[in-house]
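Here is a short briefing to read with the model open beside you.

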Amino acid sequence: MSKKLQYTIEKPFRSSPGILYEFLTSPSALVLWFADYVDLTEDIYTFGWNGDMQEAEILIDIEEDTFRLRWLDDEDEKAFFEFKIRKSEITNETILFITDFAEKDDLKSSKDLWDSQLNDLARVVGAA
């Protein structure tokens, strides 16, 4: 098994950290931009895309700051995906940093998928 590479994407939003946090953590908001189906039971999210289901456990949840999940079926136990929300002192924009992991051959497609999803998120948040 090849080692996954960690990468980070950042995107500014004209949104408060509180509103953005809700769109990153609330199942009813996640279905608007991230997955076709989302359910949360205790600390486990169930996400569905075209009938395929995946579960992710919450590793870190700091309101309006950091939200980290790990896919339960990922063989790389060090891999996770994380949302960090920061406020720019200069522009007063809210900056979302996404950290994720991908195989070297999948890095570009993984980044492209996040770019697409973040554009969807910006539309539903009203920050596009």
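The structure holds 16 aromatic pairs, where rings of Phe, Tyr and Trp (its six-membered ring) pair if their centres lie within 6.5 Å. One of them joins Y45 and F47, which are stacked (planes under 30 degrees apart), with 5.5 Å centre to centre and 5 degrees between the planes. This is a predicted model, so local features need pLDDT of at least 70 and side-chain atom pairs count only at pLDDT 80 or more, while totals for chains, interfaces and linings use all residues. Residues are numbered from 1 along each chain as its sequence is written, and side-chain values use heavy atoms, with hydrogens and water left out.

**Aromatic rings**

- Y45 and F47 are both buried, meaning under 20% relative accessible area with a 1.4 Å probe, protein chains only.
- F83 and W114 make an edge-to-face pair (planes over 60 degrees apart), because their ring centres are 5.9 Å apart and their planes stand at 85 degrees.
- F83 belongs to strand 6 (residues 81–87) and W114 to helix 3 (residues 107–125), so this pair ties together parts that are 31 residues apart in sequence.
- Helices (H or I, at least four residues) and strands (E, at least two) are DSSP runs, numbered from the N terminus.
- Both F83 and W114 are buried.
- One aromatic cluster takes in W33, F34, Y45, F47, W49, F67, W71, F81, F83 and W114.
- R68 lies over the face of F80, 3.9 Å from the ring centre; the criterion is NZ of Lys or CZ of Arg within 6 Å of the ring centre and within 35 degrees of the ring normal.

**Nonpolar core**

- The largest nonpolar core has 31 residues, of which W33, F47, F83, L96, W114 and L121 touch the most other members.
- Helix 3 supplies the largest share of this core, 5 residues.
- Such a core is a set of buried Ala, Val, Leu, Ile, Met, Phe, Trp, Tyr and Cys residues joined through side-chain atoms within 4.5 Å.
- F83 is in contact (heavy atoms within 4.5 Å) with residues including L24, W33, F67, L96 and W114.

**Strands and hairpins**

- Strand 2 (residues 37–41) and strand 3 (residues 44–49) pair in the antiparallel sense over 5 bridges; pairing requires at least two DSSP bridges.
- T41 has I44 of strand 3 as its bridge partner.
- These two strands, strand 2 and strand 3, form a hairpin with 2 residues between them, and E42 in the turn has a positive phi of about 55 degrees.
- Strand 3 also pairs with strand 4 (residues 52–62), antiparallel over 6 bridges, and G48 stands opposite M53 in strand 4.
- The hairpin of strand 3 and strand 4 has 2 residues between the strands, and N50 takes a positive phi near 50 degrees there.

Definitions and conventions: Buried means under 20% relative accessible area, exposed over 50%, partly exposed in between (1.4 Å probe, protein chains only). Lists of a residue's contacts leave out its neighbours within four places in sequence.
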